[in-house]
Amino acid sequence: MSTPMRTRATRVLAAAAAASLLLPAAVAVARPQQGSGPEHHGATHLAATLAGRATLSADYLAEGPPSGAAASPANGRQGPWDGQVIPGFSAMVDNHDGTFWAQPDNGFGAKGNSADFLLRNYLVRPQWDTGKRGSGEIKVLDFIEYNDRNDVLDFDIVNEDTDERLLTGADFDIESLVRAADGTLWVGEEFGPFLLHFDADGTLLEAPYEFPDGKSPGNPYLEPGETPNVGSSRGFEALAGSGRYLYPVVEGKLADDADARRRWIYQFDTRRGEYTGKRWAYQTDQEADVIGDAFSTGRDSMLLIERDDFEGDQSVTKRVYEIDLDRTDRDGYVRKELVVDALRIENPRGIDAGEGYGLGDTFALPVQSFETVLFVDRNTLLIGNDNNYPGNDARTTGTPDDTEMALVDLKKERVVDDGVTVVGHRGASGYRPEHTLASYETAINQCADYIEPDVVSTKDGVLVARHENEISGTTDVAAHPEFAGRRTTKTIDGVQITGWFTEDFTLAELRTLRAKERLPQVRPQNTPFDGLYLIPTLDEVLDLARNSRTCDGAPVGVYPETKHPTYFDSVGLSLEEPLVRELRRNGFDHADAPVIVQSFEVGNLQDLDELTDVPLGQLVSSSGAPYDFVADGDPRTYADLVTRQGLREVATYADGIGAEKNVLIPRNADGTLAAPSSVIRDAHRAGLEVHTWTFRRENQFMPTEFRSSADPNGIGDLVGEISVFLAAGLDGFFTDNPDLGAAAVG
């Protein structure tokens, strides 16, 4: 099939840091670079490279009274500690002299365990390790203490009866920070959620500004029986400033919002001291994602951190997007453009390589709380973490994470096309449970060009990604007693199958399930991820792709397969029309879109050829026949489809074939590869591209000569096997191991 995703014009963000994070000053943002469509090979993208890293020991103690008496013990650490813990930084301001004001949050995560944690803002100087120089340490130089010595607050605080009235983590949960033109500090907070206004020395200047659309469970003004509309610890994690306006962002969904992926951006007028009534909707990649920080890049544009709550190798989303409040999509959400995927940053200098998970040739920031982003110069981002001391251990299991600051250089590079399409088969199913956003994200980070969701329908007509509509092997449904009565036996494509089926569940019910590894005996290394991830909708997979970039800089493509279309037609849940609707909603329904729709059946591809202009792929097995042929009494088989005449007929409705490997290169009696068949040559002559499925690294799936041992689950020479097929003229392939597929392409 064609690879239109490699050449579609790429929007490029080029931001210049302002003189400081002041309200009147903004960061200039270049407007999108427009190409001339998919054949425009001059498109560029932003390549991210680690330029420097500095850390502060997790166990560092600042001067002050003991802290953490009520903190939960973890990773071998037990409070109280003889000084003030610095549990990472949730917000920063650049002083443009090599120092930063770096603000921790409320301490230990809740009111009840943070009364001995003093709210501070630390002056720090990172000694950047650039791979050539620098100690890599963060030096703590000074701090200011937030206080209410002017008696502004009208509710009791921990230090109510002291002169200084120092604020603690039981009073406020401070998370975000903007410095105003006059040097005062605006702080976004989560217990209210409130906007707090302090002078440059940390003294509260006026009463907290209350959020107009609800309260959190920790709000001191919550009335008895009043229902909180803001989730606990889901307030103003992010705050940006531009001109006279602040833009607080609600970290999670509002309780009264039916859309679990919607996050609201508000506008606050600092001159009038009031919310303006304007707000904008932002859609997260998945329901549980939260907003970690914001940084203004222009009058109406800003960077947002979107992250999940996973850490280490469980992480899926740790990203920086740029949004423009003046640009919305057809669903009313602000458009977002990927700036940095913090799980894939090149590290050619080997900075701190080998010192923990995510530190190698590629740098990742796989921490739970990725909560700092800002530009330090025209081409360099600073990113950092809150380490939730002592709980997080993303880098080294059992060891508390250090506080990190990292410099990321952004450079324009041309989008390239190596001419071979690498498809992440059900994502990177060799490394993560298949058909999860974790699997798809891993495939993208391993340099897949396309990701493949198999598409089935729920009872309420929502398309979701599962290999089969029977889900007992890929989810924990059997462990849910409330669904025991749904177990049944059905005939699917002429075969009786017993289990649980997606078409008997609503999407809301499927959302209560979690994915698990389908082949636990073959891939035991994947089983630690069991029970973590949701079943994604097709819409979420399309969103992930359109908000991502391949290693070559092109938009990521999507390669959906319609599963059992004849069966789904028979139960009144046609796949074709909702599939086309989802493609259209996500901007994929055109001939140059980075999408290829595939099927083992013929009739539904012919229907799709009338419904959409996207490329289509006819799947071909080495045995049997398309089930719609069987159902209609048509005697033709898959073998008939790959004759010269059959391929010419396929070319009337499809753009390529996806053939099982043995169709293209058969195996000898001893299991070794034989000479290639004529199918690749004949398909090319018919104007069809040729892809094949499926390359897997385990010995049992490989030709004899590429196996490493008699162990069926041992790891063979997958690169060698793929190379033989590429030499035969293959245009693309599906693989459970995209990293090895990309290595074979070179």
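How many bridges join β18 to strand β19? Select residues 301-307, which are β19, together with β18: six bridges join the two, and they run antiparallel. Strands here are DSSP runs of E with at least two residues, helices are runs of H or I with at least four, and both are numbered from the N terminus. Two strands pair if DSSP finds at least two bridges between them.

A word on what is on your screen: this is a predicted model, where local features need pLDDT of at least 70 and side-chain atom pairs count only at pLDDT 80 or more, while totals for chains, interfaces and linings use all residues. Residues are numbered from 1 along each chain as its sequence is written, and side-chain values use heavy atoms, with hydrogens and water left out.

**The sheet**

The four strands form an open sheet, ordered β18-β19-β20-β21, with antiparallel pairing. At the edges stand β18 (290-296) and β21 (334-341); each has a single partner strand, so one side of each is left without a neighbour in the sheet. Zoom in on Ser296, which stands opposite Met302 in β19.

**The helix pair**

Next, pick α1 (residues 437-445) and α3 (residues 538-546), whose axes come within 11 Å and cross at roughly 20°. Axes are lines fitted to C-alpha atoms, for helices over the stretch in contact, and angles run from 0 to 180 degrees between N-to-C directions. That makes α1 roughly parallel to α3 (angles under 35 degrees). To see the contact (heavy atoms within 4.5 Å), show Leu437, Tyr440, Glu441 and Ile444 of α1 with Glu540, Val541 and Leu544 of α3.

Note on methods: Parallel < 35°, antiparallel > 145°, perpendicular 65-115°, else oblique.
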